[in-house]
Amino acid sequence: MSFLSYAWNWLRQPQQWHGSEGIPVRVLEQLGYTGLSLLIAALIAVPLGILIGHTGRGALLVVNLANAWRSIPTLGLLVLLVITLGFSPLAWLIPLVVLAIPPILVNAYEGVAGVDPELRDAARGMGMTPWQQVRKVEVPVAMPLIVLGLRTGAIFVVATATIAAYIGLGGLGRYIIDGLAVNNYGEVAGGAALVVLLALAVQVFFVGLRRLVVPAGIRQQGRPS
Amino acid sequence: MTWSWIPQNAAMIRQLTLENAYLGIVPALLGLVISLPLGIACARWKWFYPPVLSAASVLYALPSLALFIVLIPYTGLTDTTVIIPLTLFSLCVLVPNVVDGMRSVPESVRQAATAMGFGALRRLVQVELPIAIPVVIAGLRVAVVSSISLASVGQLIGVSSLGYLFIDGYQRDFPTEIIVGGALIIALALVCDLVLVLARRALTPWQPPSRQREAAEIAARQQPAAAVPGGAR
């Protein structure tokens with residue numbers, strides 16, 4: 001049998017769609033963890049990235065952070081925190097937030113630092129205060145990259161939250177981990193199919209968000225360079 | 001930390017490190033081999049690039065654990081089940097970098113090569129690809145570092161890597177094992193990264209070190225989408 005037939009056979013059973021371990025509850029859990037972690041990460045990383053991009057201070061640190069971050073093994077971080085902190089919400093929240101910060105920070109920094117110097121000069125020449133320059137010129141121009149950073153951060157949070165089922169977190173990863181534990185490939189495949197669909201839905205959400213927050217004049221240029 | 005655990009288990013640690021290195025390096029190299037023709041084709045026929053880029057960005061959004069599971073009915077609980085998704089992720093990083101590398105060749109250089117009598121193939125191998133090397137290697141560094149780290153997730157479906165130390169350490173409530181596993185993955189990634197930096201210096205002797213840094217920075221700017229991928233998934 002193929003992956004799809006396993007997944008479909010599991011998904012179409014009515015009992016998967018009800019109760020506290022049903023699919024709707026698990027989807028909401030996963031969206032909750034993802035949304036909360038991403039929100040906290042964004043509140044820290046977006047202002048910090050804009051600040052570093054505007055002042056140019058700490059740029060080297062940001063670039064090095066991004067390089068080091070890629071090598072951190074998620075699974076190791078999760079299990080280490082859970083055996084040192086116990087089964088508290090911090091054990092999953094810390095890794096989820098920490099792993100989402102670097103892409104958001106680097107893209108916000110790159111976006112603001114990459115603003116055309118002539119645009120900056122023009123803004124200053126028009127008599128804008130530094131705060132106005134940031135708010136009215138630098139942030140709108142950097143918006144495509146800021147959204148891209150959030151989107152990349154969301155990819156990692158969704159993936160990490162799935163793996164975090166191994167340390168007891170709810171969400172869609174539960175089906176994968178529980179199914180693997182009892183060798184029930186149908187449940188594992190159903191869970192994986194739902195994770196894939198959720199990851200795609202998150203991408204669609206960010207395509208929509210990009211349309212909403214990126215000014216029309218910048219959207220025309222396509223990919224920023 | 002229980003330091004004595006390390007020498008007592010040196011043979012196992014060495015074995016797991018080798019397996020992890022294999023699962024990390026093979027996908028990056030396969031990704032390079034596939035992305036070169038694909039990227040060159042995308043650079044040459046412009047209409048081909050947007051669909052490839054969209055496919056890559058969709059694929060890149062999928063969690064590795066889910067992709068491993070999709071493959072289990074076809075490739076079983078083998079190395080291949082881990083290597084295929086990691087190769088696909090490497091492609092998502094490498095193809096845009098190959099395209100940008102090819103596009104970074106100045107038109108005047110291309111025309112000069114043609115005027116010197118270079119055919120299309122010779123121009124590609126002797127002029128365009130060497131100029132693209134710094135940008136391609138920048139992508140390869142991202143790919144190999146992420147693959148090494150991601151390979152440990154394969155342990156959840158039973159494919160052996162340093163991830164074994166995470167699972168075993170968790171089940172035995174033994175932090176030393178987890179810390180050793182994490183430190184070795186990061187060290188392995190750093191070593192591969194360093195090797196690639198040295199390879200770039202050796203392959204592009206015409207670039208003075210400061211210019212190389214500049215080239216890498218330009219590459220990062222040109223490719224914000226690929227500037228920070230990899231890592232946890």
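Student: What confidence does the predictor give the complex as a whole, in ipTM and pTM?
Tutor: This is a predicted model, and the scores come from the predictor. The ipTM is 0.87 and the pTM is 0.87.

Student: Which stretch of chain B has a pLDDT below 50?
Tutor: Chain B averages a pLDDT of 89, and 89% of the residues score at least 70. One stretch falls below 50, although beyond near neighbours in sequence it has 51 contacts in the model. That stretch is residues 221–232 of chain B.

Student: How many helices and how many strands does chain B have?
Tutor: From the N terminus on, the elements of chain B run α-α-α-α-α-α-α-α-α-α-α. The count is 11 helices and zero strands.

Student: What percentage of the residues of chain B count as buried?
Tutor: A residue counts as buried if 20 or more other C-beta atoms lie within 10 Å of its own. Chain B has 233 residues, and the buried share is 47%.

Student: Which helix gives the most to the side of chain B that touches chain A?
Tutor: The contact takes 45 residues from chain B and 48 residues from chain A. On the chain B side, the elements that give two or more residues include helix H4 (64–75), helix H7 (120–151) and helix H9 (175–203). With nine residues, the one that gives the most is H9(B).

Student: How many nonpolar residues are on the side of chain B that touches chain A?
Tutor: By class, this side of chain B has 11 polar and three charged residues. The nonpolar count is 31.

Student: At what angle do the axes of H2(A) and H7(A) cross?
Tutor: Two packed helices are described by the angle and the distance between their axes. Here the axes of helix H2 (residues 23–55) and helix H7 (residues 130–163) of chain A come within 9 Å. The crossing is right-handed. The angle is roughly 145°.

Student: How many charged residues are in the contact of H2(A) with H7(A)?
Tutor: Residues of H2(A), among them Tyr33(A), Leu38(A) and Ile50(A), meet residues of H7(A), including Glu138(A), Ile146(A) and Val157(A). By class, the contact has 14 nonpolar and five polar residues. The charged count is one.

Notes. Residues are numbered from 1 along each chain as its sequence is written. Chains are lettered from A and ligands numbered from 1 in the order in which they are written. This is a predicted model: local features need pLDDT of at least 70, side-chain atom pairs count only at pLDDT 80 or more; totals for chains, interfaces and linings use all residues. Helices (H or I, at least four residues) and strands (E, at least two) are DSSP runs, numbered from the N terminus. A residue is buried if 20 or more other C-beta atoms lie within 10 Å of its own, exposed if 12 or fewer, and partly exposed in between; C-beta atoms are placed from the backbone. Two residues are in contact if their C-beta atoms, placed from the backbone, lie within 7 Å. Ala, Val, Leu, Ile, Met, Phe, Trp, Tyr, Cys and Pro count as nonpolar, Asp, Glu, Lys and Arg as charged, and the others, Gly among them, as polar. Axes are lines fitted to C-alpha atoms, for helices over the stretch in contact, and angles run from 0 to 180 degrees between N-to-C directions. A crossing is left-handed if the near helix is turned anticlockwise from the far one by less than a right angle, and right-handed if clockwise. pLDDT is the predictor's confidence in each residue, from 0 to 100.
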